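Open the model in your viewer and keep the sequence panel beside it. The tour below goes from one selection to the next and says what is there.

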Amino acid sequence: MPTTTKKRQRSCIGCGASQEKGTLWRVVRSKEDGVQFDPSGRVAGRGAYVCSTACFAQARKTRKLERALRCPVTEDDYERVAREIALAEAPGKIEE
Ligand SMILES: [Zn+2]
C-alpha cells in the first residue's frame, strides 16, 4: 500500500523559496533558551527556516523572524543566530 511519501516542504522566511526540510537552516524559539539557531532541527518549539545567512539578514530587515516565531527578537539574538548560521555555512571562516 502506498503511504504518503510527500516530504514536508518548508519555506524560507527570507526569500520565500520552498524546500524540503533539511536543506534549510532552522531557527527555533525554545522555551528555555529563547531564540536559537537549531542545526539539528530537533529542538522543541516554534521554528522558522532560512536557506542562507543572506536570507536571514533579509528576514531581519523585514522583521519576518519575529512574525514567524511570534515573539520579539532582540538585536543580540539576531547577531548570535546570524553568526551561528554563518559558522554552519562556512566552518572555520569566521575568526575573532
Ligand atoms: Zn531564502
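Start by selecting β3 (25-30), β4 (34-38), β5 (46-50), α1 (53-61) and α2 (64-69): these are among the elements that cover the buried residues of α3. Helices (H or I, at least four residues) and strands (E, at least two) are DSSP runs, numbered from the N terminus. Buried means under 20% relative accessible area, exposed over 50% and partly exposed in between, with a 1.4 Å probe and protein chains only.

Before going on, note that this is a predicted model, in which local features need pLDDT of at least 70 and side-chain atom pairs count only at pLDDT 80 or more, while totals for chains, interfaces and linings use all residues. Residues are numbered from 1 along each chain as its sequence is written, and side-chain values use heavy atoms, with hydrogens and water left out.

Next, select α3 itself, residues 75-89. This helix has 15 residues and reaches 21 Å from its first C-alpha to its last, close to the 21 Å expected (1.5 Å times one less than its number of residues). Colour D77, Y78, V81, I85 and A86, which are buried in α3. They lie on the same side of α3 because they cover an arc of only 155 degrees around the axis, taken from the directions from the helix axis to the C-beta atoms.

Now show the side chain of F56. Which residues does F56 touch? Leaving out residues up to four places away in sequence, the list is V27, V50, L65, Y78, V81, A82 and I85, where contact means heavy atoms within 4.5 Å. F56 is also, with V27 and L65, one of the residues with the most contacts inside the largest nonpolar core, which has 20 residues. Such a core is a set of buried Ala, Val, Leu, Ile, Met, Phe, Trp, Tyr and Cys residues joined through side-chain atoms within 4.5 Å. At least two residues of this core come from each of β4, β5, α1, α2 and α3.

Move to the zinc ion. Its protein donors (N, O and S atoms within 2.8 Å of the metal, or 3.2 Å for Na, K and Ca) are the SG atoms of C12, C15, C51 and C55, at 2.2 to 2.3 Å. Their spacing along the chain is C-x2-C-x35-C-x3-C. C51 counts as partly exposed because its relative accessibility is 23%; C55, at 10%, counts as buried.

Finally, zoom out. The chain has three helices and five strands, in the order β-β-β-β-β-α-α-α. Of its 96 residues, 32% count as buried.
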